[in-house]
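The following report describes the fold of a single chain and then turns to selected residues. The sequence and the model are shown first.

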Amino acid sequence: MKKAKQPALYALSSVLSWVVDTGLFRLGLALFGGLLGEAAAPVCNVIARIFSSFFNFNLNNRMVFQSREPYGKALLRYYLLAVPTLAASTLLLSFFVWLFHVQSDNVSTLVKILVDGGLFVANFFIQKFWVFRGKTEN
């Protein structure tokens, strides 16, 4: 049962961060979608991810992995993972929005959820074994 605790906490942390990320993404689309046109989805994705990633790092550092890794070192590693993840998310989101000629904020959000869901599992293992690799309390 103890082995299931960490993935469950990671899932909870991810869901909370997803709520922040998707909420900010939707807010950005609502506020700036008309101004940004086709660039709205990728621009709003980047802005939302900047805020939600810092929120997610702190949850994972303290709650999920209970890392003893120095904060700055773990933060650097986290963003060395987060930047390529953001790039992959944004490029895939842009590609699918373009490919399917998405015009709806709801469909853009669904595409974002599917793309980010695909990156979820790999990020768990990278965070567990590299970002927060310092000895944990568990």
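## A loop residue and its partner

E69 sits in the loop between α2 (40-64) and α3 (71-99). In this predicted model, E69 has a relative accessible area of 11%, and because the limit for burial is under 20%, E69 is classed as buried. The side chain of E69 is joined to that of R77 by a polar contact of 3.2 Å.

The loop between α2 and α3 also holds Q66. Its relative accessibility of 18% places Q66 among the buried residues. The backbone of Q66 has a positive phi of about 40°, although Q66 is not a glycine. Most residues other than glycine have a negative phi.

A positive phi is found in H101 too, with a value near 50° in a residue other than glycine. H101 belongs to the loop between α3 and α4. Is H101 buried or exposed? With 61% relative accessibility, H101 counts as exposed.

## Overall architecture

The chain contains four helices and zero strands, and along the sequence the elements follow the pattern α-α-α-α. The C-alpha trace spans about 50 × 30 × 20 Å along its principal axes. How does the radius of gyration of the chain relate to that of a compact globule, and what are the two values? For 138 residues a compact globule would have a radius of gyration near 14 Å, and the 16 Å of the chain agrees with this.

Buried residues account for 40% of the 138 residues. The chain exposes about 8100 Å², of which carbon and sulfur atoms supply 73%.

As to charge, the chain carries 13 positive and 6 negative side chains. The centres of these two sets lie 16 Å apart.

## Residues within the helices

Helix α4 (residues 105-131) contains D116. D116 has a relative accessibility of 16% and counts as buried. Which residues does D116 touch, leaving aside those up to four places away in sequence? The contacts of D116 are with D21, R49 and S89.

L27 lies in helix α1 (residues 2-36), and I50 lies in helix α2. L27 is partly exposed, with a relative accessible area of 45%. I50 likewise counts as partly exposed, at 48% relative accessibility.

L27 and N60 are 33 residues apart along the chain, and their C-alpha atoms are separated by 25 Å. I50 and A82 are 32 residues apart in sequence, with a C-alpha to C-alpha distance of 9.2 Å.

## Accessibility of the selected residues

The table lists the relative accessibility of the residues discussed above.

| Residue | Relative accessibility | Class |
|---|---|---|
| E69 | 11% | buried |
| D116 | 16% | buried |
| Q66 | 18% | buried |
| L27 | 45% | partly exposed |
| I50 | 48% | partly exposed |
| H101 | 61% | exposed |

How values were computed: Residues are numbered from 1 along each chain as its sequence is written. This is a predicted model: local features need pLDDT of at least 70, side-chain atom pairs count only at pLDDT 80 or more; totals for chains, interfaces and linings use all residues. Side-chain values use heavy atoms; hydrogens and water are left out. Helices (H or I, at least four residues) and strands (E, at least two) are DSSP runs, numbered from the N terminus. The radius of gyration is taken over C-alpha atoms; the globule rule is 2.2 Å times the number of residues to the power 0.38. Buried means under 20% relative accessible area, exposed over 50%, partly exposed in between (1.4 Å probe, protein chains only). Accessible areas come from the Shrake-Rupley method with a 1.4 Å probe; for residues, only the protein chains shown count as cover. Lys and Arg count as positive and Asp and Glu as negative; His and the chain ends are not counted. The place of a charge is taken as NZ of Lys, CZ of Arg, CG of Asp or CD of Glu. A polar contact is a pair of N or O atoms within 3.5 Å; within protein, one must be able to donate a hydrogen and the other to accept it, and residues adjacent in sequence count only if both atoms are side-chain atoms. Contact means heavy atoms within 4.5 Å.
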